[in-house]
Amino acid sequence: MKTGYISLRREVEELLRPLGLTHTQWSALGVIRHFPGISPSQLEPILMIERPSVTSLLNGLTSKGWVIRKDHPKDGRYKLVYLTDAGMKLAEETQHFTSVVEERIKEGMTADEFESLKTLLVKMVGLLAKE
């Protein structure tokens with residue numbers, strides 16, 4: 001599984017390099033786009049990074065004007081993360097990178113295998129975001 005992830009990551013990094021985006025930044029933008037109001041602790045397992053790295057990542061994305069943190073409506077000790085308009089635009093403009101990599105993956109799978117893989121990955125991310 002780890003080898004598959006590394007291969008996918010390398011493919012996407014090649015597409016991101018000209019934009020000056022890292023894979024982790026791009027991944028975070030995509031996750032926040034799909035789960036607006038996600039907490040930093042929910043990002044940890046999805047992005048597979050530790051809490052200090054999430055903090056550093058969010059600080060960088062905030063300084064670039066791509067995300068904002070807002071107080072949790074029920075508990076001000078917690079922050080929730082949202083994309084800014086600029087972050088949303090960047091996430092939308094780069095979302096097709098997934099399709100580029102998907103097309104390469106599809107070449108080695110049947111349509112049913114690919115759809116099953118995609119369904120399970122979306123389910124996994126959704127379950128991790130709820131933790």
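Reader: In which helix do K106 and E103 both lie?
Author: This is a predicted model. The side chains of K106 and E103 meet in a salt bridge, 3.4 Å from N to O. The two residues are three apart, about one turn of the helix, and that helix is α6.

Reader: Is K106 buried, partly exposed or exposed?
Author: Buried requires under 20% relative accessible area and exposed requires over 50%. K106 has a relative accessibility of 34%, so K106 counts as partly exposed.

Reader: What class does E103 fall into, buried, partly exposed or exposed?
Author: The limits are again under 20% for buried and over 50% for exposed. The relative accessible area of E103 is 44%, so E103 is partly exposed.

Reader: How far apart are the closest N and O atoms of D71 and K79?
Author: D71 has a relative accessible area of 45% and is partly exposed. K79 is partly exposed as well, at 36%. A salt bridge needs a side-chain nitrogen within 4 Å of a carboxyl oxygen. D71 and K79 form one, with their closest N and O atoms at 2.2 Å.

Reader: Which residue forms a salt bridge with R77?
Author: R77 has a relative accessible area of 67%, and because exposed means over 50%, R77 is exposed. The closest N and O atoms of its salt bridge are 2.6 Å apart, and the partner is D75.

Reader: Which element gives the largest share of the lining of the second largest pocket?
Author: This pocket holds about 170 Å³ of space. The elements that give two or more residues to its lining are α3 (40-47), α4 (51-63) and β2 (79-83). The largest share is three residues, and these come from α4.

Reader: How many charged residues are in the lining of the second largest pocket?
Author: R77 and K79 are among the lining residues, as are R51 and R69. By class, the lining has four nonpolar and four polar residues, and the number of charged residues is four.

Reader: Is F114 buried or exposed?
Author: F114 is placed in helix α7. The relative accessibility of F114 is 5%, and since the limit is under 20%, F114 counts as buried.

Reader: What accessible area does the nonpolar surface patch with M109 have?
Author: M109 is found in the loop between α6 (96-106) and α7 (111-130). Together with L117, L121 and M124, M109 forms a patch whose accessible area is about 290 Å².

Terms used: Residues numbered from 1 in each chain as written. Predicted model: local features only at pLDDT ≥ 70, side-chain atom pairs only at ≥ 80, totals over all residues. Heavy atoms only, no water. Patch = residues over 30% accessible without salt bridge, like charges linked within 9 Å, V, L, I, M, F, W, Y side chains within 5 Å. Areas by Shrake-Rupley, 256 points an atom, 1.4 Å probe, with all protein chains shown as cover. Helix = DSSP H or I, 4+ residues; strand = E, 2+ residues; numbered from the N terminus. 1 Å grid on protein atoms, 1.4 Å probe; cavity = no way out; pocket = protein on both sides within 12 Å on 5 of 7 lines; lining within 4 Å. Points joined across faces, edges and corners; volume = space filled by probe spheres on them. Nonpolar A, V, L, I, M, F, W, Y, C, P; charged D, E, K, R; others polar. Buried < 20%, exposed > 50% of the residue type's maximum accessible area, 1.4 Å probe, protein only.
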